[in-house]
Amino acid sequence: MKPFLSVRGLRSGYAGGVVLDGVDLDLDAGGVLAVLGRNGVGKTTLVSTVMGFLRPYEGSVVLDGRELAGSRVDVIARAGVGVVPQGRRVFAPLTVAEHLAIAAPRRAAPGPWTRARVLDLLPRLGERLGHRGDQLSGGEQQMLAIARALLGNPRLLLLDEPSDGLAPAIVNQVGEVIREVGAQGMAVVLVEQNLGLALSVARNVAVMRKGRIVHQAPCAEFASRPEDRRRLLGVD
């Protein structure tokens with residue numbers, strides 16, 4: 001059976017410079033893949049290229065049999081890809097309710113993720129509907145960024161460093177949301193430096209170094225091999 005997401009030979013970068021240098025990875029439908037690596041190895045560039053924010057120099061990104069490499073962001077979004085960007089990027093003057101209204105699809109059959117279902121998953125947002133983006137805590141902004149992505153009803157969700165700057169209790173909440181989304185059948189690529197979060201929610205890990213995937217393994221195997229973690233990530 002072919003993987004739901006297949007990335008092959010992906011090369012990308014900025015102003016002609018190469019950051020991704022031949023990335024290959026696969027993800028099955030409903031799987032959660034954690035992409036790990038130190039700062040500057042190309043993890044955010046990978047998310048930006050798959051989502052269409054960056055046009056690849058070469059390579060392939062196939063989602064459920066459809067080639068997406070080089071397509072516009074709106075085309076990729078309509079194909080079923082959603083993103084929770086690094087830094088959340090909420091709009092400071094807009095309320096939570098306005099963010100959700102903008103994110104909601106404009107079609108008769110919006111799909112399984114509706115405003116009601118999102119607020120059931122993220123009840124804190126329901127308490128903050130009238131608050132502006134700049135009145136939210138970092139954790140609330142992250143939840144809003146996740147809610148905004150879910151309302152697009154993606155089949156593949158890209159999360160870029162969702163634990164960055166959050167208190168441990170909020171990181172645990174983010175982990176619960178990722179587990180719930182994965183359990184509902186959505187494929188997830190989690191770019192993360194928090195190893196504990198990554199290993200607690202993902203099924204498989206892929207480690208990046210110098211713009212390439214240099215190691216892939218099931219989470220259980222990676223968790224049981226401290227020598228691999230020290231060699232690849234410099235952590236126990």
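A pocket is an open set of grid points with protein on both sides within 12 Å along at least five of seven lines. This model is predicted, and its second largest pocket has a volume of about 190 Å³.

Three helices, α5 (123-127), α6 (138-150) and α7 (168-183), each supply at least two lining residues. The largest share, 5 residues, comes from α7. Among the lining residues are Leu121, Pro123, Gly139, Met143, Ile170 and Glu180. Sorted by class, the lining holds 6 nonpolar, 2 polar and 4 charged residues.

Now turn to the strands. An open sheet is built from 4 strands, in the order β2-β1-β4-β5, with antiparallel pairing. β2 (17-27) and β5 (66-67) stand at its edges with a single partner strand each, so one side of each has no neighbour in the sheet. β2 pairs with β1 (residues 5-14) over 8 bridges, in the antiparallel sense. Within this part of the sheet, Gly13 stands opposite Val18 of β2.

Leaving aside residues up to four places away in sequence, Arg209 touches Val41, Val214, Arg231 and Leu232. With Arg231 there is also a polar contact: the Arg209 side chain reaches the backbone oxygen of Arg231 at 2.9 Å. Asn39 is 170 residues away from Arg209 in sequence, yet their C-alpha atoms are 9.5 Å apart in space.

Notes:
Residues are numbered from 1 along each chain as its sequence is written. This is a predicted model: local features need pLDDT of at least 70, side-chain atom pairs count only at pLDDT 80 or more; totals for chains, interfaces and linings use all residues. Side-chain values use heavy atoms; hydrogens and water are left out. Contact means heavy atoms within 4.5 Å. A polar contact is a pair of N or O atoms within 3.5 Å; within protein, one must be able to donate a hydrogen and the other to accept it, and residues adjacent in sequence count only if both atoms are side-chain atoms. Two strands pair if DSSP finds at least two bridges between them. On a 1 Å grid over the protein atoms alone, a cavity is a set of points where a 1.4 Å probe fits but cannot get out, and a pocket is an open set with protein on both sides within 12 Å along at least five of seven lines; lining residues have an atom within 4 Å of a point. Grid points are joined across faces, edges and corners, and a volume is the space filled by probe spheres set on the points. Ala, Val, Leu, Ile, Met, Phe, Trp, Tyr, Cys and Pro count as nonpolar, Asp, Glu, Lys and Arg as charged, and the others, Gly among them, as polar.
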